[in-house]
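Me: I'm new to this one. Can you put it up and take some quick questions?

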Amino acid sequence: MENNMENSMETGLETDAETGLETDAETGMEPAAENAVGKTAAKNTWTEWLRIMLLVFLAAVLFVNRDKLQIQRDYPFMTVSRVSFSEGSDLMVIDQGKAAIEFIENKDGRSVLKRTMHGETLEGFYNAQHVVGDPMTGLYVADIGYDSNENGEMIVYERVVELRNNKDWRVVTEASALMREGTIGTGGSIYDLQLYDGAVWYLWHQGDELNLYRFYPGGEPELMRSVPCTDSLSGASIDLTTGTIAVAAHRGALSVLREDAVNWISLTKDGEHLMCSDVAARAGQVYFTDLYAGRICRATDLDAGKPGMETYFEGEGPLYALTLSEDAQTMLVSDGMAFYRISGEEAEYFSEASVSWFELSVLLWICLVAAALLLLYELRGLPRWLAAQLREESGLRIFLVLVATLVVSGFVIFSLMSELFTQEDESQSNNAELFADLMISKIDRDAISGIQWEDDYDSPDYEAVRNVLDGMILTSFHNNQYYYYILYGLSENAIRYLVNYEDSVFCGEPVSEYGSDYYSDVFDKGERFTIRTQDAYGNWVSTVAPVYGADGSVAAALEVGMDLSYQTAQRREAALNIILSVLCSTVVVLMLLLEVLFLLSFSDKKKALVEAGKRLDGPQRIPLRTLIFCAFLTDSMQEPFIAIVCSQLYQDFLPLPQGVAAALPMSGQLMMMAIFSAIGGNFTGKYGAKKTLAGGFLLQLCGFFFCFLTGTYIGLLVGKLMIGAGMGIVYVTCNTVAATGRSEKAVGAAFADVAAGTISGLTIGTGLASVFLTLGSWRNIYLVGGVILVSALVLTLYSGDVHPHAKGEKEEQVQEDGSVIRFLLNRRVIGFFLLVLVPFTVALSYREYFFPLFSQEYGLSEVRIGQIFLLCGLMVLYTGPQLSAWMIQRFGPAMSVLLGSVVLVLDMLLFVIWPTWISVLIGVVILALVTSFALTCQYSFFEGIPESQRFGEGRAMGVYSVFESLGQTLGPVLYGAALATGYRHGIGVLTGVMLVLTVLFALLMGKDLRRPAQLEEEPD
């Protein structure tokens, strides 16, 4: 018998007295049976995990390739401004209002779209003017962008950018100028970007000179040639094989300069009405587009010094941009909507491209069906679960809150947005009409009759009309109203351009035949019309009004309008603000009402017990849920802005890096909370719960008012130290009172109230902050928080009191002296603390510290950050209990803890791979989901291991709290230090450390991960 007991202690097995079979000393199962159960559970766990990973992978693949589910479709071009030859694909089309570059492959005489590169997505270019190369080897773009300064003047940025390895943009050269100062026009002043002899060449019209630049990939540009050129140009080109330069002047002249010549020679028009809009010189040939005639012409007799011209190709409408191949045998020309490919006698017209990926589409549909089946299998129990939740009080409450929130928010949002946007539309149209009337009243009507043809461009009448109208446009710019105008005339039964502000139309250029469009009604009937249009260049509101001459007839038509793209973006932002504000406000109000109802319910139950003459235990004397709710509500109100404000207020007066100093107040508060949580329990036993709670709230209140009154970095640092101390006292006192219940059921209910109040406060606080931040500065949040804490203090003073009994000297000790060290040195305990708990709580600062700082650089306000925090908090509040229970049931505590750390590592890795604000936002949402189950799983794992049970649950959770507080305290400081090296690098370092620690935990746990039902006990 004694030998059997010794063997049992050594091996963990014991011999059954009746059967004589060896069984596990802890589980009572035979080793073979236990191994079979463990293997079956492990197999089921990994099968479930593999199904989930496969479902996530399929969802990601389908999302990335969602536009390829359609096997074949036609892609129509929108606004083709230029087409170029490419090294890696046949053609590159500058489309969509110069905001996209589309790569087109020619297959069997048809265009096939290979890929599209958007400047807005890559932030690599603004509005592309010229493009050469190939993205896989080297892509070069000449582009322009627009901005405005503090005086309301329009500024144009013009530059050449280089794309290497299909990902890295580099600005090669850049310049900016006021639009009206003449160095940069609306079409740019960089021309003829081309690859030649391993280098990139381009012409740049700067001032009175046309300069030729060259740079090699990755290098800087150098000036190769400079020639005088005073004309305003619409196009320029150089033949690098011969050195011939050809330019198309803005008013129609074509001039050529041979390499060995001094003076320009101009093309003879021979009485024709010629308007050159673009020019290309290659292989000794010069071609140009004649805008009015809709044709491509070739310059002849260049060697004779008196070039002429001959028609090479005629289109069906105006032709704008022209590109020649190096051998001048093939040309590409756009008509604004599509393009021609001309080679010899053959001309092909392409208005659309085919998009076809048959094999990929079939594969994607297979993935879609597989993902749908997997999802249905995983959700097979969802209807039954939802029905069960609705039968419970908590589930029904959640359902009612969601329904009420959606109904109220939907009604309010629809009403507000309908009225707001209707009024805005009317206001924009009215403002355009009023501005048009004002401009018409200033026009010299006698001068209009002197502007009819191209030759009138230099006339005094033209200058008299234009100077007045341009002055009014500039005045509108100063008032941040960016109008445009176009003045139309009528001659030879055609509507013609006369004047516009940007000087981008040609005086006398025909717009349309008289009687063919609504402009004719203005001249014929004197009618005014206001329209809204949308194209690839923007969203426009335009009004066209008649301008009457001295004889009372309509002499001209004035079009005045504005690009509403910025206002449209603002409208989308306003709509999002309204939706989130109403949604968050509704959620906050409803949840606050629920907390009030919980307080009233507590008061009613307490009153009923007193009237019945029953004795109240500790948790029934003090409204624990409401008090802990107020403490954490006010604290979480700081989260949307505290990291940003600390970073802004810090002025390098401490020997600390900016990031560490910004994190110091946050870490200081958490450290003080941990310290006073450890010592606050003694205050409760000595002075009673009421006085201790009142002291804690008073200390927290002083911290809030100190932050409000000072508004400085040092003030925030000191104030948050006081806030942390007060919160630590309140937190430990509430837990101490909860533990004084007379029964296990009462204690459990009290701790549930404390946990629910904590989570509810953390959730509502960020939403409440987003509401009050719209009404004032961040300092007002401390004022509002102070008012809430005063209410909590008053409630505490009017509550009952509890005096927990001090532990007697003769009370049985769970472990002998020095057992804490032995407890910590166990592999499961120290491994969990150092490899999981501390790193995980440190990593949670990704949300509280990194996300606000990073989001601010993208223009996100503290209000929006608070709204995002609220929505994530709701996710934690409503999905956490169900998700954590599901995880533990499916995978067991140990595996659930490991999976939580793995998902957190992948979440942070997402930013390292894709460092954008969208990836950070996705990361915060994923982090909320991880937090909703991981913290509960970690607690369940630690509470369930045999070492914690032998050490004593209370003492074990005390050690747990110390390490949890250590991670929370270190989090902001470590993030601040890491991010000082750069966001991507810092997050990458933290991700790498987290990954290594997670792998070590998996190796350390070993077989415990394969035993989800329970963990094997280790002897000390």
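Me: Which is Ala328, buried or exposed?
Reply: Ala328 is buried, at 8% relative accessibility. Keep in mind that this is a predicted model.

Me: Where is Ala328 found?
Reply: Ala328 is in the loop between β24 (322-324) and β25 (330-334). Its phi is positive, about 60 degrees, although Ala328 is not a glycine.

Me: OK, Asp197 next. What is its phi?
Reply: Phi of Asp197 is near 55 degrees. That is a positive value in a residue other than glycine. Asp197 lies in the loop between β12 (190-196) and β13 (199-206).

Me: Is Asp197 buried or exposed?
Reply: Exposed, at 65% relative accessibility. The cut-off for exposed is over 50%, so Asp197 passes.

Me: Switching to helices. Which residues of α9 are buried?
Reply: Helix α9 covers residues 518-525, and its buried residues are Tyr519, Ser520, Val522 and Phe523. They sit on the same side of α9, because they cover an arc of only 150 degrees around the axis.

Me: Why would residues a few places apart point the same way?
Reply: An α-helix has 3.6 residues a turn, so residues three or four places apart point the same way.

Me: What does the face of α9 turned away from the buried side carry?
Reply: That face carries the exposed residues Asp524 and Lys525. Just after α9 comes Gly526, with a positive phi of about 70 degrees.

Me: Now α18. What should its span be, and how far apart are its ends?
Reply: Helix α18 has 19 residues, 779-797. At 1.5 Å a residue they should span 27 Å. The end C-alpha atoms are 27 Å apart, so the two agree.

Me: Which residues in α18 are buried?
Reply: Among them are Ile781, Tyr782, Val784, Ile788, Leu789 and Leu793. Gly785, Gly786, Ala792 and Thr796 are buried in α18 too.

Me: New topic. How many disulfides are there?
Reply: Zero, in a search of the whole structure. Take Cys297: the nearest cysteine sulfur is that of Cys276, 7.6 Å away. A disulfide needs the sulfur atoms within 2.5 Å, so Cys297 is in none.

Me: Is Cys297 buried or exposed?
Reply: Buried, with a relative accessible area of 0%. Cys229 is buried as well, at 4%.

Me: Last one. How many cavities of 30 Å³ or more does a search find?
Reply: One. The largest cavity has a volume of about 40 Å³.

Me: Which residues line the largest cavity?
Reply: Its lining is Asp239, Thr242, Thr244, Arg258, Gly284, Gln285, Val286 and Leu302. By class, that lining has two nonpolar, four polar and two charged residues.

Notes:
Residues are numbered from 1 along each chain as its sequence is written. This is a predicted model: local features need pLDDT of at least 70, side-chain atom pairs count only at pLDDT 80 or more; totals for chains, interfaces and linings use all residues. Side-chain values use heavy atoms; hydrogens and water are left out. Helices (H or I, at least four residues) and strands (E, at least two) are DSSP runs, numbered from the N terminus. The expected span of a helix is 1.5 Å times one less than its number of residues. Buried means under 20% relative accessible area, exposed over 50%, partly exposed in between (1.4 Å probe, protein chains only). On a 1 Å grid over the protein atoms alone, a cavity is a set of points where a 1.4 Å probe fits but cannot get out, and a pocket is an open set with protein on both sides within 12 Å along at least five of seven lines; lining residues have an atom within 4 Å of a point. Grid points are joined across faces, edges and corners, and a volume is the space filled by probe spheres set on the points. Ala, Val, Leu, Ile, Met, Phe, Trp, Tyr, Cys and Pro count as nonpolar, Asp, Glu, Lys and Arg as charged, and the others, Gly among them, as polar. The arc is that of the directions from the helix axis to the C-beta atoms.
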